[in-house]
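Subject: Structure handover

Hi,

Here is the structure to look over. My notes follow below it.

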Number of protein chains: 2
Amino acid sequence: MKNYLKHDEWCIIEEGFNREFNEITESVCSLGNGRMGQRGNFEETFTGKTLQGNYVAGVYYPDKTRVGWWKNGYPEYFAKVLNAANWIGIKVEIEDEILDLNKAEVSDFIRVLNMKEGYLERSFVATLASGKQVRVNSKRLNSIVDDESGVIRYSITPLNFDAKIVLTPFIDGDIKNKDANYDEKFWDEVHKETAFAEGYVQMVTKKTGFHVVTGQKFQIFQNGQAVDFQSLPLKAEKYVASQVTLAGKTNEEIVLVKYACNLSSENHAISDLLSNAKAYLARIEAKGFDTMVAEQAEKWAAKWEMNDIVIEGDVAAQQGIRFNIFQMNQTYTGEDARLNIGPKGFTGEKYGGSTYWDTEAYCIPFYLATADQQVARNLLVYRWKQLGKAIENAQKLGFDKGAALYPMVTMNGEECHNEWEITFEEIHRNGAIAYAIYDYVNYTGDETYLAEYGFEVLLGIARFWAQRVNWSEAKKQYVMLGVTGPNEYENNVNNNWYTSYFAVWCLKYVIEVSEKIKASSPERYSELASITNLNETDEFAKFSHIIGNMYLGEDKELGIFLQQDGFLDKELIQVKDLASSQRPINQKWSWDRILRSCFIKQADVLQGIYFFEDDFDEETIKRNYDFYEPMTVHESSLSPCVHSIIAAKLGDKARSYEFYQRSARLDLDDYNNDTEDGCHITSMAGTWMSIVKGFGGMRVRNGHVFLAPFVPENWTSFSFKIRFRGNLLNIKTSAQEVTIENLAGADITLFVHNEEVSLKEASSVTIAHKNK
Amino acid sequence: MKNYLKHDEWCIIEEGFNREFNEITESVCSLGNGRMGQRGNFEETFTGKTLQGNYVAGVYYPDKTRVGWWKNGYPEYFAKVLNAANWIGIKVEIEDEILDLNKAEVSDFIRVLNMKEGYLERSFVATLASGKQVRVNSKRLNSIVDDESGVIRYSITPLNFDAKIVLTPFIDGDIKNKDANYDEKFWDEVHKETAFAEGYVQMVTKKTGFHVVTGQKFQIFQNGQAVDFQSLPLKAEKYVASQVTLAGKTNEEIVLVKYACNLSSENHAISDLLSNAKAYLARIEAKGFDTMVAEQAEKWAAKWEMNDIVIEGDVAAQQGIRFNIFQMNQTYTGEDARLNIGPKGFTGEKYGGSTYWDTEAYCIPFYLATADQQVARNLLVYRWKQLGKAIENAQKLGFDKGAALYPMVTMNGEECHNEWEITFEEIHRNGAIAYAIYDYVNYTGDETYLAEYGFEVLLGIARFWAQRVNWSEAKKQYVMLGVTGPNEYENNVNNNWYTSYFAVWCLKYVIEVSEKIKASSPERYSELASITNLNETDEFAKFSHIIGNMYLGEDKELGIFLQQDGFLDKELIQVKDLASSQRPINQKWSWDRILRSCFIKQADVLQGIYFFEDDFDEETIKRNYDFYEPMTVHESSLSPCVHSIIAAKLGDKARSYEFYQRSARLDLDDYNNDTEDGCHITSMAGTWMSIVKGFGGMRVRNGHVFLAPFVPENWTSFSFKIRFRGNLLNIKTSAQEVTIENLAGADITLFVHNEEVSLKEASSVTIAHKNK
């Protein structure tokens, strides 16, 4: 755990340059606008520790799979987020010295990610080997208004010399993914050109054929006046630059404003890419830097208006939650149903792929409550679009008749993971994808989605489960053999309770949904039956037989659900009794030892209880929580939030807060020593859930919002906003009371601590907590 | 399955050139002498399908591990058998045409592996594009008398022309392993030199630093007369050659005799390598080709005298078993305790490593019965030498206090496999290594081995088991979680009966052995206790507690042992009901489907019953055989022989023969479509076992040989020889009777069909079979 970033309510602040942590700070200071993004890299040359990373949403490369031992059924390729052209680069030479913070003496360094207004700013004084001193200030944003562009204002002021300063803003596409399996470059050059203070590189991805044009256009000012300069064009492989030589004078500020754009063939005809890029740059240049900054602040303000969580009395917690909300918004805006939420967003390239079950299990609840319902709907439609591929994927594994297995990791619907115990066996992901449909309909009330898209997905998933179970003559029940649950510290187990419970739920839900559609849109239902080749009598009879006869492991004596067959044969020890030298076990223990231990990576039985809590009484939840949580090492960033929510429900406020803390500042404090690879984007939604579903106790049941808020001990108050159908509510909780404001929308009835509360349009109500 | 090789009692014969099967024939026609070997490649240029392979025993390279997803504990390197310098090469040019059977028209082609005398011969007539015809005959051997050398007699006769013939015998070390993980070359050149009709390349392996000098020296004859020729030296990277231009004349035979040697730093001081190689070649050249051939035949005759199995009435079966015995003898001679038996011997490079549990489970019984006991002893000592590494290996996985886990695959004692479910979990290998000690002592009566080497190994293994099990509060017994049994179509299962049963046996055996040593050599025992830090009271008490309280799964109703927990939850279908389009399942099904199916790759419960048959009554064996065999797909070459032996024991002669057939001609008929990668060397010992332990019913109990022979229906008779302690016995079985000859050694008492039989020195006895 590190603690070098300054606590602040709205900003992430690095005071003084932490060279050794630079890659971490780069991750944390990443910028993005849903379409493009990049890590918090420096504009000028930097030869120290850095991971240069620029990314364009939806543009990927299928890297050839690398395995030690091939297993039948492995995908041949792993679709990777592509490191794309670097558009922020500005080479700075002072006389013949290159400005490089790895070589210069650095003072007055400050790097600030301003989350309120959505920009990254950096200032420092550098003393070069020659003794020349310059002050630099750079301010950069990825526009959320013009979301195919970014802009930089780069200011440099000689402090103790008059000398030639050469600025070379460039676009460099000659880059490589750090995680390339075979050390290959994934881009080919198509075209490049330069003009006065302007340049473009067009590249195409190998195999997938995505075209991207990255362009720059820049202006130079000295002492606030536009400078009349010469621009010397430079070209190299996938590289264009314009070199400008200026007369630097002591205390005279030189400012380079660099406009850049990234246009991809996902959004433009290939033939138009170049001309559109030129028009784009001309337009934003005309708009100008200050206007772009102002528009950015305005649009961010509108987002915060919807999204913000305010914590009083704990600046670190305030900063943590805002950072998470900020990154979620930077990663995915919900405007494009072809996109999804990569595990690292635009902050790194580890893991590859863009879509995991994290999206459905963790991110959808966030977007449902904080954005237009179209955003969550687009995430659902994304999976519907990939149904055909999910059916193909299941076919590769021996299933048929429309059974669908969604991939563990994907970009375009094809599986791209290759560990058999995950790829082939961590099939519970199908459950989360079905649940997200339920979640969406339950939250929004939009039942039309079921007939339009949902049913097909649910049926494909149900068919998979019905084929995946088998009848055990020994048990005279259906069993599900050879699976990996959410707790990936168990592989190839039998009867994982979570997966089996989820399978049964999916079977029930598809039957329920079919009844709804039959009743509301009988014609559409016939159409769906025909599209899906549904033999309702036989198929639903099979589903019902499984529902009624599924084996779900339970230990009656302990009163717990069994994570899997044989779990109680393990040596049952607790995490607190594990020497700290042994942790994290995934770095200290060999895999077999982890597997046969009782230690749990992340919520498994408890993940099921989280999803289906209304199915269980509080005593049952408590027994399972008391049994499993002490064996949980929380070595997945997805773990603490679920425990936080369950602890909150059980009234264990202290532990609920403890779990919250583990996830809220995960990246800011580099809790797991891995933030240098990028931020844990999807688990950030989990942090939001800890507050809203945990401390806020927010649920939606039968079309109503339920709240059961409490304030953690060391906070004065916290407030969060949720959009619920037509309303926007602000819920502020202190130790004594909760105040609910109906900020937008009609009268609404909700439940606070299980008591009905009516709220008129534009009114608020304050309710004292009862002693609990 | 292919059937292009001619059936013959002593030879493997390819009549007519089967271009498409060339790599298979190369595997089958491999030569070796325990120190070096090579595939049945052509001497002259061949641009068609070929896998050039030359190997030097004990010389390996640790190739950097390649995995998709790293697991803690994986070894960094995989020690690979090294493809070494090609010493057989002779480039043949006729005028300006290169002789290349891929381009010439080929007639009268015949390739013969003569197993009786140990050489490979090939003849053909080639018609070149120009119309020139030559007859070629080559005869090659890897000397088992001078086992660092080989010799080739290469004869070429112009049939229809007079023209210049250029012969270029060469040594080419610029080769690459086909299975290199990163496409690297593993050898560096150290030195090369040429002299008249002579040349040497000295190379060193990267990382491991093994030096090998490969040299050639040659003579040329025309019409039977030594030719006075000019030798033009040629050199290139890791390559030396001597080019000789001769005047070819119609029907005048030109013969090149090429002597070659491979001297490695394993057997020579590096500084002496080159001079020793020169002396070696001078010596064998003086000996001459004909003498080498004669000596080879003589030494092979002596081997066959000990080893041969004679089958009357079935030429294919006769050829099959001789091929297996021949390859076993080519691979390993038992003279060097640093060597072991690679899964492909000198016939290919697939799998890497040289030592698997195959050695102990399959090969040791073969060598015990067919070679001096020193041979099996050396194989045991090999493991003793690697005990320290086995202890280190266990430490890497979290074990301590002298617990030893032998590697799944190794070259120098370090693990070099990297699939977690195998590397970390297929731990039953430890059992086979302990059993081999028992087997050796039981067979030879040499109890001194236990005190000298055996005890330390047994104790390390027992300690491993004692730490690897855990107490299950649920079962109130010890359990063994997370293992992979011999049936690798199950991974990470709990309570694999085979492994657990074996663990208990190991614990019992080490206690028994300790009692023996204490009684016979109390001083040595104290010494051993001190060397091993033995706390006998506590450790043996723990061992005994486990012995008395180990959980061993059983289904009382079915009367079977449970392969693992939950086996009966599977859909229990039989292999005969599986469509042939679905087989082999390891090529047709995804891994998860294989895992959750009931299908068994190779004997698992039955492997245990094979090892410990005297622990079970015949009904129990039959119930398990009847239950498990029908679910067994035998997709490992190690499977059929074990079933053959059990079937024989149960009196199921027809099935016993059927299983035998599946393994006996596995490579000759390319049964599994993979002989092109090399032959299945270790399973060849299993074929031998099918005959001797299966049809012969041979066992050793209490110092006596037991026989229960029967002859398969379509054979007239079969006879095999065994060495047993001081005796050499020949056992010939026909449908009516069995005749046992005491070929060497004193009077001996043995048991035939469970009846005591006394055999005087140099006598024989014939016993009629009873009706059974």
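Helices (H or I, at least four residues) and strands (E, at least two) are DSSP runs, numbered from the N terminus. This is a predicted model: local features need pLDDT of at least 70, side-chain atom pairs count only at pLDDT 80 or more, and totals for chains, interfaces and linings use all residues. Residues are numbered from 1 along each chain as its sequence is written, while chains are lettered from A and ligands numbered from 1 in the order in which they are written.

A:Val125 sits in strand β9 (residues 119–127) of chain A. A:Val125 is partly exposed, because 16 C-beta neighbours lie inside 10 Å. The cut-offs: buried means 20 or more other C-beta atoms within 10 Å of a residue's own, exposed means 12 or fewer, and partly exposed is in between, with C-beta atoms placed from the backbone. Leaving out residues up to four places away in sequence, A:Val125 touches A:Ser107, A:Asp108, A:Gln133, A:Arg135 and A:Leu159. Contact here means C-beta atoms, placed from the backbone, within 7 Å. A:Arg377 is 252 residues from A:Val125 along the chain, and their C-alpha atoms are separated by 48 Å.

A:Val293 belongs to helix α3 (residues 289–307) of chain A. A:Val293 has 18 C-beta neighbours inside 10 Å, so it counts as partly exposed. Its contacts, not counting residues up to four places away in sequence, are A:Tyr119 and A:Leu141.

B:Leu273 is in helix α2 (residues 273–287) of chain B. With 22 other C-beta atoms within 10 Å, B:Leu273 is buried. Beyond four places in sequence, B:Leu273 touches B:Gln202, B:His211, B:Val213, B:Leu263, B:Ser265 and B:His268.

**Chain A overall**

Chain A has 20 helices and 32 strands. Its radius of gyration is 27 Å, close to the 28 Å from the globule rule for 772 residues, so chain A is as compact as a globular protein of that length. That radius is taken over C-alpha atoms, and the rule is 2.2 Å times the number of residues to the power 0.38. The C-alpha atoms fill a box of roughly 85 × 60 × 55 Å along the principal axes. Of the 772 residues in chain A, 55% are buried. Among contacts in chain A with a separation of 6 or more, 67% join residues 24 or more positions apart.

**Where the chains meet**

In chain B, 43 residues are in contact with 43 residues of chain A. On the chain B side, β21 (470–472), α14 (585–588) and α15 (591–596) are the elements that give two or more residues. α15(B) gives the largest share, five residues. By class, the chain B side has 13 nonpolar, 16 polar and 14 charged residues. Ala, Val, Leu, Ile, Met, Phe, Trp, Tyr, Cys and Pro count as nonpolar, Asp, Glu, Lys and Arg as charged, and the others, Gly among them, as polar.

**Two helix pairs**

In chain A, helix α4 (residues 315–331) packs on helix α20 (residues 681–695) at about 130°, axes 9 Å apart. That makes α4(A) oblique to α20(A). The contact of α4(A) with α20(A) has eight nonpolar, four polar and no charged residues.

In chain B, helix α9 (residues 429–444) and helix α11 (residues 497–520) pack at about 45°, axes 10 Å apart. α9(B) and α11(B) are therefore oblique too. B:Gly431, B:Ala434 and B:Tyr438 of α9(B) meet B:Thr499, B:Phe502, B:Ala503, B:Cys506 and B:Tyr509 of α11(B).

Axes are lines fitted to C-alpha atoms, for helices over the stretch in contact, and angles run from 0 to 180 degrees between N-to-C directions. Under 35 degrees is roughly parallel, over 145 roughly antiparallel, 65 to 115 roughly perpendicular and the rest oblique.

**Backbone points to check**

Most residues other than glycine have a negative phi, and most peptide bonds are trans. The bond from A:Arg583 to A:Pro584 is cis, with omega near -5°. A:Pro584 lies in the loop between β24 (560–561) and α14 (585–588) of chain A. In chain B, a cis peptide bond joins B:Arg583 and B:Pro584, with omega about -5°.

B:Lys207 is not a glycine, yet its phi is positive, about 65°. B:Lys207 is in the loop between β14 (198–205) and β15 (211–222) of chain B. B:Lys238 also has a positive phi, about 55°. B:Lys238 counts as buried, with 21 C-beta neighbours inside 10 Å.

Best wishes

Terms used:
Two residues are in contact if their C-beta atoms, placed from the backbone, lie within 7 Å.
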